[in-house]
Amino acid sequence: MTSIEVAELRKLYGGTTALDGMTFTARPGRVTGFVGPNGAGKSTTMRIILGLQTADAGHALVCGRPYRSLRHPLRSLGSLLDASALHPARSGRNHLLWLAQTQGLGTRRVDEVIEQVGLASASRRTAGGYSLGMRQRLGIAAALLGDPPTIMLDEPFNGMDPEGIVWLRRFLRSLAEQGRAVLVSSHLMSELQDMAQHVVVVGRGRVIADSSVAELIAAVSGDRVRLRTSTPEPVAAALTAAGGQVVEADGLVVRRLAAEQIVAVLTANGLPFSELTPHRATLEEAYLDLTGEAVEYRGAPA
Ligand SMILES: Nc1ncnc2c1ncn2[C@@H]1O[C@H](COP(=O)(O)OP(=O)(O)OP(=O)(O)O)[C@@H](O)[C@H]1O
């Protein structure tokens, strides 16, 4: 059983509920995006999976067992929680050699993973001088050392330049294609585009959606219709009066009314319109729609 399984996790910090029944599985052969606004509980979940923190209730299993009971943890789960957690005076290669030694892994494996993450030319430089993007690569190399069937990365795109982002997307997809379970957290849905086959959207310590990317977009696109009109204000007023919910976004986007109902209302009111089309949400829109209620820290509206 090569997966990560989290069931009914609960965690309180004083009066703050960090986890409120968090439940999901990251399965083999796919990248699972673990996405939600700041404070949603992603890092807490990952720390509990790694046994760095205990849950008040629920359980987390890696390859069917609690992480702390694994005989060779690095060979079961490779993880990266905090890319800055390294000895600044050590070279990247020495950092990996030290980690490899603790797990009975050889020098050859260290050089292999350095090559895989594209750090070969910098591996003998001290890690203290690495950019955040290079530290992320070093952390990913460390996660791969034991050639584990499951991989878990917390915000690995942070600090990566556009070229690094493209590389990491491809790289994580290829790890999943090799049959591994890959769990990747992010607070930006756009980072997961073209990479994750599956997304677990979380907010306020619990799962809001757990589905394939295609299903998620379809569910949110569901009842929206976009239309254009030369008189947006009376059109919006008429549709609102008829029970619709109208927002202005590149024309008007209407919810809660089917296209036929919209046509009937506008025709009855003698209001002009054009381009009436069912709206297909982007992944980002789907995410914002789902997490709107669950955002803990929200800036003042512009
Ligand atoms: N050590 C701690 N002490 C007190 N509260 C904490 C602690 N760690 C996390 N929290 C709180 O628990 C909640 C979940 O935090 P967590 O860091 O798991 O969220 P996150 O989804 O990883 O957010 P981010 O994207 O900002 O990293 C937040 O309200 C946070 O303030």
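In this predicted model, the shell around the ligand consists of three nonpolar residues, eight polar residues and one charged residue. The residues surrounding the ligand are Tyr 13, Thr 16, Ala 18, Gly 36, Asn 38, Gly 39, Ala 40, Gly 41, Lys 42, Ser 43, Thr 44 and His 187. At least two residues of this shell are supplied by each of strand S2 (16–26) and helix H1 (42–49). Helix H1 provides the largest share, with three residues.

The protein chain contains 11 helices and 13 strands. Of its 302 residues, 38% are buried. The C-alpha trace extends over about 75 × 45 × 35 Å along its principal axes. Among contacts with a separation of 6 or more, 70% are formed by residues 24 or more positions apart.

Four strands form an open sheet in the order S11-S12-S10-S13, and their pairing is antiparallel. Strand S11 (245–248) and strand S13 (274–278) lie at the edges, each pairing on one side only. On average, neighbouring strands of the sheet are turned by 20° against each other, with direction ignored. Strand S10 (residues 224–228) and S13 run antiparallel and are joined by three bridges. Val 225 has Pro 278 in S13 as its bridge partner. Helix H10 (residues 259–268) packs on this sheet, where it touches S10, strand S12 (252–255) and S13. The direction of H10 makes an angle of about 155° with that of S13.

Key: Residues are numbered from 1 along each chain as its sequence is written. This is a predicted model: local features need pLDDT of at least 70, side-chain atom pairs count only at pLDDT 80 or more; totals for chains, interfaces and linings use all residues. A residue is buried if 20 or more other C-beta atoms lie within 10 Å of its own, exposed if 12 or fewer, and partly exposed in between; C-beta atoms are placed from the backbone. Two residues are in contact if their C-beta atoms, placed from the backbone, lie within 7 Å. A residue is near a molecule or strand if its C-beta atom, placed from the backbone, lies within 6 Å of it. Ala, Val, Leu, Ile, Met, Phe, Trp, Tyr, Cys and Pro count as nonpolar, Asp, Glu, Lys and Arg as charged, and the others, Gly among them, as polar. Two strands pair if DSSP finds at least two bridges between them. Axes are lines fitted to C-alpha atoms, for helices over the stretch in contact, and angles run from 0 to 180 degrees between N-to-C directions.
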